[in-house]
Amino acid sequence: DCLDKQSVAEAKKIINARWGKVNFLVNGAGGNNPRATCDNEYMTPGLTEGKSFFDLDEKGLKFVFDLNITSAFIVTQVFAADMTDGGGDIINISSMNAFRPLTKIPAYSAAKAGISNFTQWLAVHFSKVGIRVNAIAPGFFATNQNRTLLFNEDGSLTPRSHKIISQTPMGRFGEPEELLGTLRFLIDNDASGFVTGITIPVDGGFSAYSGV
């Protein structure tokens with residue numbers, strides 16, 4: 001449980017006993033919540049249907065922030081303790097939302113922007129003890145977590161997916177395995193030993209495309 005510091009500490013004990021000192025960490029816990037999600041992209045005059053910004057539950061917002069930011073804070077506190085004598089690498093998982101906030105999901109967008117900022121802060125803070133801190137910002141990947149949002153039951157694209165693909169120059173969703181090369185680069189001191197404090201998009205060109 002990445003929001004329970006004692007649980008994380010117990011996990012670290014198991015890892016230390018089995019494999020020894022931790023030398024890299026991936027903060028991958030995250031996600032959104034329906035309570036912090038609008039039903040409509042825009043508020044328009046006279047709109048009464050669906051859940052608006054004013055209907056969002058502040059507990060939902062707090063849950064999203066805890067899941068994305070507080071978890072990274074707690075897990076880093078616990079596991080980075082192994083790295084202060086000898087160095088190590090921390091990889092946070094940001095998002096395209098950190099660059100360009102998506103409609104309907106204000107809490108998740110703000111939380112991922114916070115992760116990118118936290119990455120920079122940690123990179124500076126840990127720079128004198130040899131810990132490098134970077135982030136990966138995935139674009140749109142088809143996974144079990146979001147499959148029902150991207151595809152209809154018959155396998156066709158949802159309206160939101162059509163928008164995503166139209167804004168992704170490579171014209172497709174990413175495959176999870178396509179994140180591994182960037183991850184390996186960032187944890188390899190021979191390849192990226194002078195790289196810290198950055199967020200790398202892996203997005204099929206989404207962040208580069210203006211829509212025109």
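Colleague: At what angle do helix H2 and helix H3 pack, and how far apart are their axes?

Modeller: Two packed helices are described by the angle between their axes and by the distance between those axes. In this predicted model, H2 and helix H3 (residues 106-125) pack at an angle of about 20°, and their axes are 8 Å apart. H2 is therefore roughly parallel to H3, since angles under 35 degrees count as roughly parallel.

Colleague: Which residues of H2 and H3 make the contact?

Modeller: An α-helix has 3.6 residues a turn, so residues three or four places apart point the same way. On the H2 side the contact includes Leu 61, Val 64, Phe 65, Asn 68, Ile 69 and Ala 72. On the H3 side, Ala 107, Ala 111, Ile 115, Phe 118 and Leu 122 are among the residues involved. By class, this contact has 13 nonpolar, 3 polar and 1 charged residues. The crossing of H2 past H3 is right-handed.

Colleague: How is the crossing of H1 and H2 to be read?

Modeller: The axes of H1 (residues 5-19) and H2 (residues 58-79) come within 9 Å and cross at roughly 40°. H1 and H2 are therefore oblique to each other. Here too the crossing is right-handed, as H1 passes H2. From H1, Lys 5, Val 8, Ala 9, Lys 12 and Ile 15 take part, and from H2, Ile 74, Val 75, Gln 77, Val 78 and Phe 79. The class count for this contact is 7 nonpolar, 1 polar and 2 charged residues.

Colleague: What is found at the start of H1, and what just after H1?

Modeller: At the start, a side-chain oxygen of Asp 4 comes to within 3.0 Å of the backbone nitrogen of Gln 6. Just after H1, Gly 20 adopts a positive phi of about 90°. H1 itself has 15 residues and spans 21 Å from first C-alpha to last, close to the 21 Å expected at 1.5 Å a residue.

Key
Residues are numbered from 1 along each chain as its sequence is written. This is a predicted model: local features need pLDDT of at least 70, side-chain atom pairs count only at pLDDT 80 or more; totals for chains, interfaces and linings use all residues. Side-chain values use heavy atoms; hydrogens and water are left out. Axes are lines fitted to C-alpha atoms, for helices over the stretch in contact, and angles run from 0 to 180 degrees between N-to-C directions. Helices (H or I, at least four residues) and strands (E, at least two) are DSSP runs, numbered from the N terminus. Angles under 35 degrees count as roughly parallel, over 145 as roughly antiparallel, 65 to 115 as roughly perpendicular and the rest as oblique. A crossing is left-handed if the near helix is turned anticlockwise from the far one by less than a right angle, and right-handed if clockwise. Contact means heavy atoms within 4.5 Å. Ala, Val, Leu, Ile, Met, Phe, Trp, Tyr, Cys and Pro count as nonpolar, Asp, Glu, Lys and Arg as charged, and the others, Gly among them, as polar. The expected span of a helix is 1.5 Å times one less than its number of residues. A polar contact is a pair of N or O atoms within 3.5 Å; within protein, one must be able to donate a hydrogen and the other to accept it, and residues adjacent in sequence count only if both atoms are side-chain atoms.
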